[in-house]
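Please look at the structure below with its charged side chains and the contact between its chains in mind. The report that comes after the display takes up these topics in turn.

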Amino acid sequence: MKRVLIVDDHSSIRKMIRLALSNRFALEEAGNADVAYAQILAERPDGIVLDVMMPGSMNGFQLCERIKRDRALALMHVVLITACGQIEDQELGRAVGADAYFVKPFSPLALARHLGEALRIGPDGRAA
Amino acid sequence: MSQSPIEAAWQHCPWGMAVISADGSVSAFNAAYGEHLCLSRDDLLGKSEADLDALTAPLPQEYRRVEVLRDDVRAIHFLGDASGTEVNAKHLANIAEMLREPMASVYGFAELLLTQNYDEDTRRDLTAMLLEQVEAMSNIINQEFDSHKWGAPAAVPQLPTPLTQPDPGESR
């Protein structure tokens, strides 16, 4: 089963995403970017759903940039989910190498479909 | 000992200024910067740029970051009073971002409840979380649109009673 790390400081958002993805992916969670980075190095997930504005030494943009600049991590599929809906925020997301950008509020089922297509996983959790 | 003209300008400038050192942390700031953030010297020195972004994002003050090409200084952050229009526009943008968080939960849980076949306990759990998030949105609106910030009459709280679900056993 492909593994996805959910990173958001709001537990309700993590729970919502977990419910939408749990029948397709093996899931891990982190409440900030520092904890997430340690998990990424240790677990090497296939995909990361990453909030932008979080407490700690890094925000989501900075963590995404760090992942995409590291050859060993760059192939991970990073989806930014953010309350920052301005055009310049989306451009910044593109600039740091994010693979997709979902503005809150977003459809958790659309997120599941996107990750399924990106990681080639069908609705039953098997390779598509 | 008297201040040099540069030191006097730094200390008395109405714009808050914080110096970000090469390692990305706050190495110095002037009095106005500390006042804008209501933080002491010990609280601010050593904070990362991400910490500053998080601290300044909710503020109505105008914020700018200037990249500095020096070995010992990476950037200077400026924080100052903007015009009323700019303040309101920035404040509204901040409120929109604050509302998007609980709104995301409301949208997501509602979509899942509508499309997925969950058992009764899960449905009750999700419905309770939905109501919590609506209450969080209501609190943001009540706090952010109060008379101190906008010069408008104070709003009456819209949720008069705690949001609790009836016990199914009580309906008989």
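What follows describes a predicted model, beginning with the interface and then turning to the salt bridges and a surface patch.

## The interface between chain A and chain B

The size of an interface is often given as the accessible area lost when the parts come together. For chain B and chain A the buried area is about 2000 Å², with 63% of it on carbon and sulfur atoms. In chain B, the residues that lose the most area to chain A are B:E97, B:R100 and B:E101, which together account for 28% of what that side buries. Counted by contact, 24 residues of chain B meet 24 residues of chain A.

Between the two chains there are 9 residue pairs in polar contact, both residues being at pLDDT 80 or more. On the side of chain B that touches chain A, the elements giving two or more residues are α4 (49–56), α5 (84–115) and α6 of chain B, and the largest share, 13 residues, comes from α5(B).

Side chains of opposite charge can pair when their charged atoms come close. Between chain B and chain A, the count of such salt bridges is 2.

## A buried pair and its network

Over all chains, the structure holds 11 salt bridges. In one of them the side chains of A:D8 and A:K104 meet, with an N to O distance of 3.0 Å. Since A:D8 lies in the loop between β1 (3–7) and α1 of chain A, and A:K104 in the loop between β5 (100–103) and α5 (108–118) of chain A, the pair ties together parts that are 96 residues apart in sequence.

A:D8 is buried, with a relative accessible area of 0%, and A:K104 is buried as well, its relative accessible area being 0%. Salt bridges that share partners join A:D8, A:D51, A:K104 and B:E101 into one network.

## The surroundings of A:R14

A:R14 is placed in helix α1 (residues 11–21) of chain A, and its side chain forms a salt bridge with that of A:E29 at 2.9 Å, N to O. Because A:E29 lies in strand β2 (residues 26–30) of chain A and A:R14 in helix α1, the pair ties together parts that are 15 residues apart in sequence.

If its neighbours within four places in sequence are left aside, A:R14 is in contact with A:I6, A:D8, A:D9, A:E29, A:A30 and A:G31.

## A nonpolar surface patch on chain B

B:L92, B:I141 and B:F145 form a nonpolar patch on the surface, and together they have about 240 Å² of accessible area. Of these residues, B:I141 is found in helix α6 (residues 120–144) of chain B and counts as partly exposed, with a relative accessibility of 40%.

Notes: Residues are numbered from 1 along each chain as its sequence is written. Chains are lettered from A and ligands numbered from 1 in the order in which they are written. This is a predicted model: local features need pLDDT of at least 70, side-chain atom pairs count only at pLDDT 80 or more; totals for chains, interfaces and linings use all residues. Side-chain values use heavy atoms; hydrogens and water are left out. Patches are made of residues with over 30% relative accessible area and no salt bridge: like charges are joined within 9 Å, nonpolar side chains (Val, Leu, Ile, Met, Phe, Trp, Tyr) within 5 Å. Accessible areas come from the Shrake-Rupley method with a 1.4 Å probe; for residues, only the protein chains shown count as cover. A salt bridge is a side-chain nitrogen of Lys or Arg within 4 Å of a carboxyl oxygen of Asp or Glu. Helices (H or I, at least four residues) and strands (E, at least two) are DSSP runs, numbered from the N terminus. Buried means under 20% relative accessible area, exposed over 50%, partly exposed in between (1.4 Å probe, protein chains only). Contact means heavy atoms within 4.5 Å. Buried area is the accessible area (1.4 Å probe) that two parts lose on being put together, summed over both. A polar contact is a pair of N or O atoms within 3.5 Å; within protein, one must be able to donate a hydrogen and the other to accept it, and residues adjacent in sequence count only if both atoms are side-chain atoms.
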